[in-house]
Amino acid sequence: MAIMTSSSPQTYQPVLDRIAAEIEKTTGRGRPADYIPALAACDPRRFGMAVAEPDGRVYGVGDWRQPFSAQSITKVFTLALDLAREGDALWEHVGREPSGNPFNSLVQLEYENGIPRNPFINAGALVVTDRLQTQTEDASGTLLDFLRRESGNDGLAINEAVAASESAHGDRNAALGHFMAAYGNIDNPVPVLLDQYFRQCSVEASCADLALATGFLARHGIRADGTRLLSRRQAKQINAIMLTCGTYDAAGDFAYRVGLPGKSGVGGGIIAVVPGHCTICVWSPGLDERGNSVSGVAALDRFTTLTGLSVF
C-alpha cells in the first residue's frame, strides 16, 4: 500500500480494514492481566481500533465500539488536567525520565527520596492524582467529566466491580503511596488517594471514545469545543513523555516499532498521537510480559508503516 499523503475516509478505513485482517491471522496474542481478577477473563483475541481526526471524524474496525477498562491510559488525562491547573510546579514532585523498571516498582523511590521518575509509572501517577485531588477535591470525577465531554459520550462510567477488585489487590500501590507520603510528596490521606486512583483506572471506554478524548494532544492543546486546555508547550511536553515513558519499560522498543507518542494500559488498550493529524486507540486484552497489548503494538506498527504517519 502506498504511503498516505492526506487524512480522509478513503485512506484511513482501508488501512484499518487491512490491519484487522492481518491481526486476525496472527497467533500468540499474549495473556490478559491476571493480577486484577476482574480483567483476567477477557478474551485475548478480541481486537478493535479507531482513528479520530482533529475535527472529530472517527473511523474504526473490529470491536472499536466495545467498552474496556482504560486502566493506565487514564494517566495521560489526569496529567493534562493537573498540568493545566498548576503548570510547571507539578515537576517539583514527579520527574520526566524513563524508569527502566517495572511500572509498579518500589526500588527507585528510595534512591530518589520519594520523587517518582515519571508520571506514567504507578508511583508517578499516584502523585499526579494526589495533586489533582488537592486541586479539585474529586480527581476521578473530574477525569470522568473530561472524558465524557471530549468523547461526546455521556454514558462513560467507572466500573465499580473493577475498582473494588483493584482495591482488594492494591497492596503494592498502597506501599507506594505510604512510602511517598513519608517523604512529604503526598498531600491527601493515602486511603483517599488510593480510592481516587483505583476509580480513575476503572473507567470504561471504547476505542472510539478514547481516540476522540485524546484529540486535544493532536490539536496542540485545544479541546473538542475549541477552548484551550494546554499551551502548545504543555501539549508538546505530554507527547514527549508519552513517547519516552508511555509503555512501561518497553518505551524504547515501542518508539522503535511504532514511532509515535503512546500510552498503554493493562486492560489491553493503547492510545497514540500523530500531532496535527490524528489520534488512535487500539484494544486487544492479551498482554506481553511488560504489560503492553501484543496485538495492539503490532497494529500500531502496521499503521505507521502503511500510512507513513510518524514523528520521525
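Strand S1 and strand S8 (residues 278–283) run antiparallel and are joined by five bridges. The model described here is a predicted one. Within this pairing, alanine 52 has threonine 279 of S8 as its bridge partner. On another side of the account stands strand S2, which also pairs with S1 in the antiparallel sense, again over five bridges. Here glycine 48 is placed opposite glycine 62 of S2.

Is S1 mostly covered or mostly open? The strand is mostly covered, since five of its five residues are buried. Gly48, Ala50 and Ala52 point one way from the strand, while Met49 and Val51 point the other way, and all of them are buried.

**The five-stranded sheet**

These pairings belong to an open sheet of five strands in the order S2-S1-S8-S7-S6, with antiparallel pairing. Why is one side of S2 and of strand S6 (262–264) left without a neighbour in the sheet? Both strands stand at the edges and each has a single partner strand, so one side of each lacks a neighbour there. From one strand to the next, the twist averages 10°. Helix H14 (residues 294–307) packs on this sheet and touches S1, strand S7 (269–274) and S8. The direction of H14 makes about 145° with that of S8.

The hairpin of S1 and S2 has five residues between the strands, and in it glycine 56 takes a positive phi near 100°. Arginine 57 is also found in the loop between strand S1 (48–52) and strand S2 (58–62). Arginine 57 and leucine 212 are separated by 155 residues in sequence, yet their C-alpha atoms are 8.5 Å apart in space.

**The three-stranded sheet**

A further open sheet has three strands in the order S3-S5-S4, with antiparallel pairing. Strand S3 (68–69) and strand S4 (157–158) form the edges; each has a single partner strand, so one side of each has no neighbour in the sheet. S3 and strand S5 (residues 203–205) run antiparallel and are joined by two bridges. In S5, glutamate 204 is the bridge partner of serine 69.

**Asparagine 118**

Asparagine 118 lies in the loop between helix H4 (107–111) and helix H5 (122–136). Is this residue buried or exposed? Asparagine 118 counts as buried, because its relative accessibility is 1%.

| Side chain | Backbone atom reached | Distance |
|---|---|---|
| Asparagine 118 | Oxygen of glutamate 97 | 3.0 Å |
| Asparagine 118 | Nitrogen of phenylalanine 120 | 2.8 Å |

Leaving aside neighbours within four places in sequence, the residues in contact with asparagine 118 include Val94, Gly95, Arg96, Pro98, Gly124 and Cys245. Glu97 is also one of these contacts.

**Helix H6**

How does the span of helix H6 (residues 139–151) agree with its number of residues? At 1.5 Å a residue, its 13 residues should span 18 Å, and its end C-alpha atoms are 18 Å apart, which agrees. Among the buried residues of H6 are Ala139, Leu143, Phe146, Leu147 and Glu150. Just after H6, glycine 152 takes a positive phi of about 75°.

In soluble globular proteins, nonpolar side chains tend to be buried together. The largest nonpolar core of this model has 62 residues, of which Phe77, Leu210, Leu217 and Ile238 touch the most other members. Apart from this core lies another, of 26 residues, among them Leu260, Cys278, Val282 and Leu306. Which residues does leucine 210 touch, not counting those up to four places away in sequence? Leucine 210 touches Phe68, Ala70, Ile73, Phe77, Ala205, Ile271 and Cys281.

Methods. Residues are numbered from 1 along each chain as its sequence is written. This is a predicted model: local features need pLDDT of at least 70, side-chain atom pairs count only at pLDDT 80 or more; totals for chains, interfaces and linings use all residues. Side-chain values use heavy atoms; hydrogens and water are left out. A nonpolar core is a set of buried Ala, Val, Leu, Ile, Met, Phe, Trp, Tyr and Cys residues joined through side-chain atoms within 4.5 Å. Buried means under 20% relative accessible area, exposed over 50%, partly exposed in between (1.4 Å probe, protein chains only). Contact means heavy atoms within 4.5 Å. Helices (H or I, at least four residues) and strands (E, at least two) are DSSP runs, numbered from the N terminus. A polar contact is a pair of N or O atoms within 3.5 Å; within protein, one must be able to donate a hydrogen and the other to accept it, and residues adjacent in sequence count only if both atoms are side-chain atoms. The expected span of a helix is 1.5 Å times one less than its number of residues. Two strands pair if DSSP finds at least two bridges between them. Axes are lines fitted to C-alpha atoms, for helices over the stretch in contact, and angles run from 0 to 180 degrees between N-to-C directions.
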